[in-house]
Amino acid sequence: MKTEIRLTKDGSVTLYVPELNEHYHSINGALQESMHVFIRAGLEYAWQNQSEVSILEVGFGTGLNALLTLEQTLLNSKKVYYHTLEKYPLAPDLIKQMHFEQFIFNVPLLHFLPVLHTSPWNEPVIITPDFTLLKSEADLRPYLLPPNRYTIIYFDAFAPEKQPDLWTDEIFKKLYAALKTNGCLVSYCAKGSFKRSLKAAGFTVEALAGPAGKREMTRALKNNFS
């Protein structure tokens, strides 16, 4: 799909897909959205009671969520196994054109961005002693996920009206089965239909304050953390 680089309100950039009339991240701030939804509401929440987690990300995209997660392992000396599914991988040259160095000010962290994008697909790669990456070039719908495998799911697919086949009851039942007991799923989305599908799958659903420009986001629990 053709993409265009767009500046967001916090000074970070995202990609726009004209064919879908959709952005990869919030136009109110790509960086702040990723930090708020996936790092603070997902990773930091899970790390309250454990020092090693496994993450499933639906939608690798620009690699921003993975990069920010990697940063947290560098800051906290905690371990992450990061499995991301992406049906349409972006070219590393496009990532270079996004100039992450203009909004990611942790200079040592920027070294890892090309490593994330150029590492081989479909095999686990040890990026650092505390961060292992598995990128699967795959469609979530037919993909066989291992049961009870993941501590956190970053659900970062395009919006339900843009990619409705990834927001079905069947998909969330599949993701529920892939989560460990006490695991959580986090998403920027707060639509009622999404929450109903999560509840139908067995999740306990929490509405949390959203990132800039959004009133709410969603965290869904497979039981509660003890």
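The model is predicted. Helices α1 and α2 form one of the pairs, with axes that come within 10 Å, and α6 and α7 form another, with axes 8 Å apart. Two packed helices are described by the angle between their axes and the distance between the axes.

**Packing of α1 and α2**

- Helix α1 spans residues 30-46 and helix α2 spans residues 64-76; their axes cross at roughly 55°.
- That angle makes α1 oblique to α2, and the crossing is right-handed.
- On the α1 side, the contact is made by Ala 30, Leu 31, Ser 34, Met 35, Phe 38, Ile 39, Leu 43 and Glu 44.
- On the α2 side, Leu 64, Asn 65, Leu 68, Thr 69 and Gln 72 take part.
- Sorted by class, the contact of α1 with α2 comprises eight nonpolar, four polar and one charged residues.

**Thr 69 within α2**

- Thr 69 lies in helix α2 and counts as buried because its relative accessibility is 0%.
- Leaving aside residues up to four places away in sequence, Thr 69 touches Ile 39, Leu 43, Ile 55, Val 80, Tyr 82, Phe 131 and Tyr 154.
- Among these partners, Ile 39 and Leu 43 also belong to the α1 side of the contact between α1 and α2.

- In helix α7 (residues 192-201), the buried residues are Phe 194, Lys 195, Ser 197, Leu 198 and Ala 201.
- These residues lie on the same side of α7 because they cover an arc of only 160° around the axis.
- An α-helix has 3.6 residues a turn, so residues three or four places apart point the same way.
- The exposed residues Arg 196 and Lys 199 are carried on the face of α7 turned away from its buried side.
- The cover over the buried residues of α7 includes helix α6 (169-178) and the strands β9 (179-187), β10 (204-209) and β11 (216-221).
- Just after α7, Gly 202 adopts a positive phi of about 115°.

**Packing of α6 and α7**

- Helices α6 and α7 pack at an angle of about 50° and are therefore oblique to each other.
- The crossing of α6 and α7 is right-handed.
- Helix α6 contributes Asp 169, Phe 172, Lys 173 and Tyr 176 to the contact, while α7 contributes Phe 194, Ser 197, Leu 198, Ala 200 and Ala 201.
- The residues of the contact of α6 with α7 comprise six nonpolar, one polar and two charged.
- Phe 194, Ser 197, Leu 198 and Ala 201 of this contact are also among the buried residues of α7.

Methods. Residues are numbered from 1 along each chain as its sequence is written. This is a predicted model: local features need pLDDT of at least 70, side-chain atom pairs count only at pLDDT 80 or more; totals for chains, interfaces and linings use all residues. Side-chain values use heavy atoms; hydrogens and water are left out. Axes are lines fitted to C-alpha atoms, for helices over the stretch in contact, and angles run from 0 to 180 degrees between N-to-C directions. Helices (H or I, at least four residues) and strands (E, at least two) are DSSP runs, numbered from the N terminus. Angles under 35 degrees count as roughly parallel, over 145 as roughly antiparallel, 65 to 115 as roughly perpendicular and the rest as oblique. A crossing is left-handed if the near helix is turned anticlockwise from the far one by less than a right angle, and right-handed if clockwise. Contact means heavy atoms within 4.5 Å. Ala, Val, Leu, Ile, Met, Phe, Trp, Tyr, Cys and Pro count as nonpolar, Asp, Glu, Lys and Arg as charged, and the others, Gly among them, as polar. Buried means under 20% relative accessible area, exposed over 50%, partly exposed in between (1.4 Å probe, protein chains only). The arc is that of the directions from the helix axis to the C-beta atoms.
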